Amino acid sequence: MTHQTLLIAFPKGRLGDELVPKLVGTPLALDANALKSRVLRIPTATPGVAALLLKGADLPRYVAAGVAQLGIVGSDTLDEMDMDLLELADLGFGACRLSLCAQTGVTLDHLRAKPHLRLATKFPKATEAWLTREGLTAELVPLSSSAELAPLLGLADAIVDLVQTGGTLKAHGLVETLVLGRSSARLVAARGAYLSEPKRLRPLAELLIAAFRATP
Amino acid sequence: MPVRTPHFPDLLFGSAARLRRWEGALMGLLEAHGYRELHPSLVLREALPEGTLRFFDGDDLVALRWDFTVALAGLLARGFPAPPARVSYAGAVFRRPVQPWEAVERFEVGCERIQPEGESSSEADLELARLLMAIPGVLGLKSAILHLGHAALVRRPLEAEGLFGDLADAVVVALSRRAPHRVREALDGHPAAQRLTAHAEALLAELDGPATLEALQSSPYAELLKADRDHMDRALKALLPILPPNLELRVDLADVAGLGFYTGPTLRLWAPGAQQELAAGGRYDRLFPDLGRPWQAAGFCVRLSRLLDLAETRPDLFEPLP
C-alpha cells in the first residue's frame with residue numbers, strides 16, 4: 001500500500017452490519033471474499049481505494065491521524081471522543097437515542113431524589129453534560145459493554161446507553177426514562193487530507209453520501 | 001483532552017541539518033524584505049495560559065516560551081514607544097500537545113508586520129501573502145496550496161445576531177468540523193437559526209479557487225460582509241497574476257481556526273497529502289490594543305517541526321537536497 005491508496009474506515013458491529021449491504025453495487029462495494037476472511041483491510045470495487053474495518057471507538061483516531069482519509073462513525077462516538085476531524089454529512093442511517101434507562105417503575109424523580117446516584121455508562125462525557133445541565137451529581141460507573149446488566153445486579157441505579165428498538169432494554173426489564181440525545185451515522189474526513197486534497201476526496205465523499213442516502 | 005505524556009523529539013543528523021538550513025534560508029528571505037530579528041526570552045513570567053510548560057523559579061511560577069507572537073507583543077508593548085514595522089523570529093516554543101502526534105518542543109520561523117492604528121492594512125496583508133507564497137520554493141516543496149480565509153466572514157454575522165459565549169462557540173466548532181448539520185443542531189430554536197444556517201451553508205459550499213467568493217452572494221449577510229468580500233477580492237486579483245507555478249491558491253471561507261485571535265484575512269499553507277498545515281497566519285488587530293498600544297498587526301509562522309516530520313514521512317514532496 002502506498003500513500004496513493006485511499007483508505008476509508010468503516011465500523012464493525014451494529015453500524016457496519018447496516019452499511020455493508022448499502023454499498024453493494026456501488027463503486028465502493030467491499031470485496032465479498034475478503035469480507036468472509038479475517039482480514040481487516042478490504043479492497044473495494046474501485047482500484048486504489050480500500051476499506052479498513054475498525055471498532056467504532058478506535059475509528060475516529062485513525063481518521064484524525066490521517067491514516068484513513070474518510071470514515072463512517074456514529075455521532076455518539078464522535079461526541080464522546082471530540083477528535084479533530086471533519087464531519088462532512090449526517091448520513092441518516094443507524095439512528096438511535098442516547099437515553100437514561102432504569103428498571104420498570106423507577107422514575108426520573110426517583111433517580112433525582114437519590115442522595116448517591118450511580119449511573120453506569122459507556123458515554124461519560126454525554127452523561128456528565130446532562131448531569132451538569134440538570135444540576136445533579138452522580139457516581140459514574142464506566143463500562144465498555146453490557147451496561148443493561150448494571151441496574152439488575154446492583155452495580156448502578158440506572159444506565160445511560162444507546163437505544164435503537166428498545167428490545168434489549170425490554171429483555172432486561174428496563175425502560176427509557178429520558179432521552180438525552182440522538183445519534184446517527186456521520187461521514188468524517190481527515191482534516192489534513194480533505195483540506196490539502198479536496199479534489200481527490202470530494203468525489204469519494206459524494207459517492208458515499210449518495211450510496212447511503214439513496215437506500216432506505 | 002491534552003496529552004500528558006510529553007514528547008520531546010531529538011533531531012538526528014539529517015533533521016538537524018535540515019532545520020539549520022531551513023531556518024537560515026527563511027530568515028534570509030525575511031531579512032531581504034526588511035524584517036529584523038527579535039529574540040524574546042525563553043522563560044516567560046506573564047499570565048500563563050493552559051497548556052504551557054510551567055515550573056517554579058524560586059517562589060515565582062514561570063513558563064517556557066509557548067508562542068512567539070505573544071512573547072514579542074509583550075516585549076514590544078513594554079519597551080518600544082513606536083512599533084518597529086517588521087519583526088522576524090526563529091527558535092523553539094513549548095506547548096503541551098492536544099493531539100498525540102504533536103511534539104512539546106516545536107521549531108518555528110515567523111514574522112510580524114506592525115503599523116500604527118488607522119493606517120491602511122491592505123498593502124501589509126499583501127506583503128505577507130507574497131512572502132508566504134515564496135516559502136514553498138525556499139523550502140524545496142515541490143507543490144503547495146495557499147488557503148486564503150477571512151475571520152470576519154464568521155465573526156461578523158455571529159456578532160450581528162448577538163451570539164456570544166457557548167452558543168457562538170458551538171457554531172464555530174460545527175464550522176470547524178465543516179458540518180452544516182451541526183450548525184443547525186446547535187442553533188435549534190434560536191430566532192436567527194435559519195439565517196445563520198444558510199450563511200454556514202454558503203461558507204461551506206466550496207473550497208476552491210477565486211470563484212468561491214461568489215458563494216457568499218447567497219448568504220443573508222452578503223451586504224454586511226461586502227467590505228470584507230471586496231478586501232478578499234482585491235487580494236485575489238493582486239496575488240493570482242504572481243502565483244508561482246508550484247502553488248495553488250484556494251479560498252477557504254469556513255476557516256475558523258484561531259477565530260478568537262484573528263480579526264481579518266487568514267493564510268494557511270498546505271502541501272498535498274500533508275496532515276497538518278505547514279504555515280499559518282493572518283491579521284490580529286486586537287492584540288496590541290489589549291496591551292495598551294494603539295497598533296495593528298499581522299504575521300505568519302512557519303511550523304518547521306511539522307515540515308521536518310513531513311520530510312521524513314513524505315520525502316517525495318520535496319526537491320532532493322543539493
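**Exercise 1. Helix H1(B) against helix H3(B)**

Determine the handedness with which H1(B) passes H3(B), and state which residues make the contact.

*Solution.* Step 1: H1(B) passes H3(B) in a right-handed crossing. A crossing is called right-handed if the near helix is turned clockwise from the far one by less than a right angle, and left-handed if anticlockwise. This is a predicted model, in which local features need pLDDT of at least 70 and side-chain atom pairs count only at pLDDT 80 or more, while totals for chains, interfaces and linings use all residues. Residues are numbered from 1 along each chain as its sequence is written, with chains lettered from A and ligands numbered from 1 in the order in which they are written.

Step 1: The axes of H1(B) and H3(B) (residues 122-139) come within 10 Å and cross at roughly 145°. Axes are lines fitted to C-alpha atoms, for helices over the stretch in contact, and angles run from 0 to 180 degrees between N-to-C directions. Helices (H or I, at least four residues) and strands (E, at least two) are DSSP runs numbered from the N terminus.

Step 2: H1(B) contributes Trp22(B), Ala25(B), Leu26(B) and Leu29(B), and H3(B) contributes Ala134(B), Ile135(B), Val138(B) and Leu139(B). Residues are in contact if their C-beta atoms, placed from the backbone, lie within 7 Å.

Step 3: By class, this contact of H1(B) with H3(B) has eight nonpolar, no polar and no charged residues. Nonpolar covers Ala, Val, Leu, Ile, Met, Phe, Trp, Tyr, Cys and Pro; charged covers Asp, Glu, Lys and Arg; the others, Gly among them, are polar.

**Exercise 2. Helix H1(B) against helix H10(B)**

*Solution.* Step 1: The axes come within 11 Å, and H1(B) crosses H10(B) (residues 304-313) at roughly 130°.

Step 1: The crossing of H1(B) and H10(B) is right-handed.

Step 2: From H1(B) come Ser15(B), Arg18(B), Leu19(B), Trp22(B) and Glu23(B); from H10(B) come Leu304(B), Leu307(B), Leu308(B) and Ala311(B).

**Exercise 3. The domains of chain B**

Find the element that gives the most residues to the side of domain 1 of chain B that touches domain 2 of chain B.

*Solution.* Step 1: Chain B is divided into domain 1 (1-146 + 260-317) and domain 2 (152-256); such bounds come from an automatic or database domain assignment. The domain centres of chain B, taken over C-alpha atoms, are separated by 25 Å.

Step 1: In chain B, 16 residues of domain 1 are in contact with 15 residues of domain 2.

Step 2: On the domain 1 side, H3, E7 (144-150) and E9 (265-270) of chain B give two or more residues each. H3(B) gives the most, with seven residues.

Step 3: This side of domain 1 of chain B divides into eight nonpolar, five polar and three charged residues.

**Exercise 4. Chain A and its side towards chain B**

Describe the five-stranded sheet of chain A, and then the side of chain A that touches chain B.

*Solution.* Step 1: The open sheet has the order E8-E7-E9-E6-E10 (chain A) and mixed pairing. Its edge strands are E8 (139-142) and E10 (174-183) of chain A, each pairing on one side only.

Step 1: Eight bridges join E6(A) (residues 96-103) to E10(A), which run antiparallel. Cys96(A) stands opposite Ser183(A) in E10(A).

Step 2: 14 residues of chain A are in contact with 18 residues of chain B. E5 (86-90) and H9 (191-196) of chain A each supply at least two residues of the chain A side. The largest share, four residues, comes from E5(A).

Step 3: The residues of this side of chain A divide into six nonpolar, four polar and four charged.

Conventions
Two residues are in contact if their C-beta atoms, placed from the backbone, lie within 7 Å. Two strands pair if DSSP finds at least two bridges between them.
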